[in-house]
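The exercises below concern one protein chain. Work through each task with the sequence and the structure at hand, then compare your steps with the solution.

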Amino acid sequence: MTFGGTFAPASLFFYSTGVNPGSAPSETGGVTRNVPHTVTLDGYTFVLDLTRSEISAQDTFRDNVAADTEPNDSLFNARGAWGRYQYGFHHGAGQELADLSETADAFRFESSVGIRWDELYQATLQPSTTLARSAASSTPLLARSGDYVFMADGATLYRTSDLTTWTAMTAPGGTIQALDTDGTDLYVATTTVMVKYVGTGTTPTAFTTPVTGDCTNVAFCSGRLLLAKGNVLYEVSATGSLGTAIKTHFQPAFRWTTIFNIGSRIYVGGFAGARSELYTLTTTDVGALVLSQEAAPLPVGELLRTGVSYAGVVVLCTNNGVRVAEVSGDGTLTYGPLITEPGDVRCAVGDGRYAFVGWSVMDGSRSGVGRLVLDTDVLPLQPAYGTDVAEATTQANVTGVARLGGRTVFAVANSGAWVQNASTYVGQGELLSGRISFGTVEPKALIGVVATFNPLRLGEAVEVTVFDEYGVNIGTGTQATLDATTLEIDLGGETVPFCRVEIALTGPGTTTPTLLRWRLRAYPVPPAVQQFVLALVLREQQIVNDDRGQVLHYNINAMYDWFEQLWSNRRYALLRMGGREYRVRVENFKLTPTEWTQDGSLPQGNLIVQLVAA
């Protein structure tokens with residue numbers, strides 16, 4: 001419906017008698033206090049046809065449309081309770097937003113400690129650990145060679161074949177700075193010498209030409225033995241001759257911290273100051289190794305501690321965390337996002353489908369190991385990851401990690417070698433979900449949370465706690481009844497914009513509870529939307545104030561112009577009824593004419609408007 005005419009605000013209407021009920025103009029029509037038995041809209045006074053007017057709440061939910069009958073949450077009635085749940089944890093940690101994010105993953109969580117999370121559709125307690133060999137060194141080192149794990153503690157070298165009994169070997173001389181293996185023999189670099197221990201021997205074997213001096217790193221790669229002395233990189237011949245240096249770095253403070261190979265291609269790298277470098281090596285026509293291209297530039301300030309190649313990928317450990325990289329055809333590395341949670345990562349080892357990395361600072365003043373699931377990417381070149389086994393007495397740098405017989409051993413500075421136990425578990429572990437928003441930032445009234453688990457055994461318990469956006473506990477409960485399988489907590493309609501769910505598992509040490517899933521229910525509390533359907537009496541002359549003589553005269557043509565603009569622009573206006581004010585917009589309208597204006601140019605009658613409160 002279109003109305004013609006010229007917009008003339010000043011002549012829309014005037015008062016012919018009585019006292020002007022308005023104050024200083026603040027709206028288009030200028031009236032800020034309505035006459036009894038009238039309403040004002042945008043500063044204009046109107047009589048209502050009460051029999052055709054109504055005030056109601058507008059539906060805040062859209063109609064739910066399911067594209068097909070495939071089972072999913074969209075089939076539920078949107079007006080009922082909404083749910084968030086987790087029935088798998090195997091995509092690991094690092095997810096701060098559990099929903100309301102395009103990368104949200106139903107199988108990820110924010111953080112955990114003491115929880116075995118990587119098994120499908122369940123979470124259990126981690127195996128406990130035991131200090132199997134104490135060490136006084138600030139940089140104890142570990143390496144697996146053949147059937148043994150070796151640990152360097154300052155000038156002393158130990159080995160074990162069962163992670164229980166550690167045998168002291170004949171010392172190589174000097175303080176041990178690096179260990180590596182060719183699969184059978186162990187190579188040891190110290191502050192005074194580089195030697196090897198052949199096979200199962202416990203006494204070092206010197207080279208025909210002894211390799212002496214401050215040996216800072218050693219590695220056996222692609223059938224070649226490489227040695228670093230400070231900023232100089234050498235290849236060591238079978239007799240021990242160093243020959244010409246492969247590379248002398250121009251920066252005296254540079255240290256070659258990592259040497260590894262992928263197939264026949266060798267990578268070498270290190271850092272000086274705040275700058276790291278990583279290169280490939282190639283061979284000359286006579287078979288000598290020379291430095292080739294840069295393999296992967298790292299950001300300034302990210303120091304390359306070590307690199308490990310395993311199962312076709314590379315794990316880069318830095319002072320800021322850990323990255324996973326893949327190899328391109330020309331030998332360069334493309335790495336993924338930095339996993340920062342482990343902090344300064346100084347060691348890594350691969351085993352099965354996993355990589356295990358040092359995790360020096362865990363919650364609860366613990367140090368231990370992180371687990372990367374290399375065959376499960378949660379983001380491009382970012383595998384599922386989370387905490388693994390830990391020790392519970394100190395917090396210090398984890399400087400070595402190794403695997404033997406399916407168990408992990410890791411070295412902690414000034415503490416020693418901690419070994420994963422075969423059949424006992426930690427007493428308690430916690431798993432914290434990401435921030436849950438139910439897909440909207442509007443408030444949610446929480447109904448309750450329920451956790452489901454395998455039947456509890458003697459000494460086992462499951463605790464569930466819900467935290468608001470500030471970390472305040474808004475509901476908690478514990479289930480420790482023998483053979484119980486569920487725990488339900490009534491949250492009483494607590495209203496929050498965001499929340500988190502924490503699951504704590506407790507056990508006697510000999511067994512572990514098995515968490516299967518949890519579910520949180522809530523209903524949204526969107527802003528209330530009030531709706532007014534008002535039948536405004538729109539005539540050239542109208543008596544107001546309960547027929548007490550106040551007469552309004554309207555310019556119908558100008559009124560049409562004003563209303564068309566108010567509707568088409570969706571401009572907010574004030575609706576006043578008595579002492580109440582509402583900020584509204586015109587959503588829809590309909591004119592129901594009853595007669596023509598005196599000049600016969602326009603219809604007049606009731607203007608029915610649908611107003612929605614803002």
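A residue is called buried when its relative accessible area is under 20%, exposed when it is over 50%, and partly exposed in between. The model is predicted.

**Exercise 1.** Find the salt-bridge partner of Arg571, and state whether Asp42 is buried or exposed.

Solution. Step 1: Arg571 forms a salt bridge with Asp42, and the closest N and O atoms are 2.8 Å apart. Step 2: the relative accessible area of Asp42 is 2%, so Asp42 is buried. Step 3: Arg571 has 34% relative accessibility and therefore counts as partly exposed. Step 4: Arg571 sits in the loop between α1 (556-568) and β47 (573-577), while Asp42 sits in the loop between β2 (39-41) and β3 (44-48), so the pair ties together parts that are 529 residues apart in sequence.

**Exercise 2.** Count the salt bridges and describe the pairs Glu460 and Arg457 and Glu595 and Arg539.

Solution. Step 1: the count comes to 17 salt bridges, taking a side-chain nitrogen of Lys or Arg within 4 Å of a carboxyl oxygen of Asp or Glu. Step 2: Glu460 and Arg457 meet through their side chains at 3.1 Å, N to O. Glu460 is buried because its relative accessible area is 2%, whereas Arg457, at 42%, is partly exposed. Step 3: in the salt bridge between Glu595 and Arg539, the closest N and O atoms are 3.4 Å apart. This pair links distant parts of the chain, 56 residues apart: Glu595 belongs to strand β48 (residues 580-596), and Arg539 to the loop between β44 (530-538) and β45 (541-544). Step 4: Glu595 is partly exposed at 39% relative accessibility, and Arg539 is partly exposed at 23%. Step 5: a network of salt bridges links Arg116, Asp118, Arg371 and Asp388.

**Exercise 3.** Place Asp99 in the fold and list the polar contacts of its side chain.

Solution. Step 1: Asp99 is in the loop between β5 (82-86) and β6 (111-113). Step 2: its relative accessibility is 8%, so Asp99 counts as buried. Step 3: the side chain of Asp99 makes a polar contact of 2.7 Å with the side chain of Arg84. A polar contact of 2.7 Å also joins the side chains of Asp99 and Ser437. Step 4: leaving out residues up to four places away in sequence, Asp99 touches Arg84, Ala104, Arg435, Ile436, Ser437, Phe438 and Gly439.

**Exercise 4.** Which residues have the most contacts inside the largest nonpolar core, and what does Val464 touch?

Solution. Step 1: the largest nonpolar core has 63 residues, and those with the most contacts inside it are Leu372, Leu446, Val464 and Leu520. Step 2: strand β31 (residues 354-362) contributes six residues, the largest share of this core. Step 3: another core, of 34 residues, lies apart from the largest one and includes Leu41, Tyr44, Val47 and Val586. Step 4: beyond its neighbours within four places in sequence, Val464 contacts residues including Val449, Ala451, Leu487, Ile489, Val501 and Ile503.

**Exercise 5.** Which residues make the nonpolar surface patch of about 430 Å²?

Solution. Step 1: the patch of about 430 Å² is made by Tyr85, Tyr87, Leu120 and Tyr121. Step 2: Tyr85 is in strand β5. Step 3: Tyr85 has a relative accessible area of 40% and is therefore partly exposed.

Conventions: Residues numbered from 1 in each chain as written. Predicted model: local features only at pLDDT ≥ 70, side-chain atom pairs only at ≥ 80, totals over all residues. Heavy atoms only, no water. Helix = DSSP H or I, 4+ residues; strand = E, 2+ residues; numbered from the N terminus. Buried < 20%, exposed > 50% of the residue type's maximum accessible area, 1.4 Å probe, protein only. Polar contact = N/O pair within 3.5 Å; in protein donor to acceptor, adjacent residues only side chain to side chain. Contact = heavy atoms within 4.5 Å. Patch = residues over 30% accessible without salt bridge, like charges linked within 9 Å, V, L, I, M, F, W, Y side chains within 5 Å. Areas by Shrake-Rupley, 256 points an atom, 1.4 Å probe, with all protein chains shown as cover. Core = buried A, V, L, I, M, F, W, Y, C linked by side-chain atoms within 4.5 Å.
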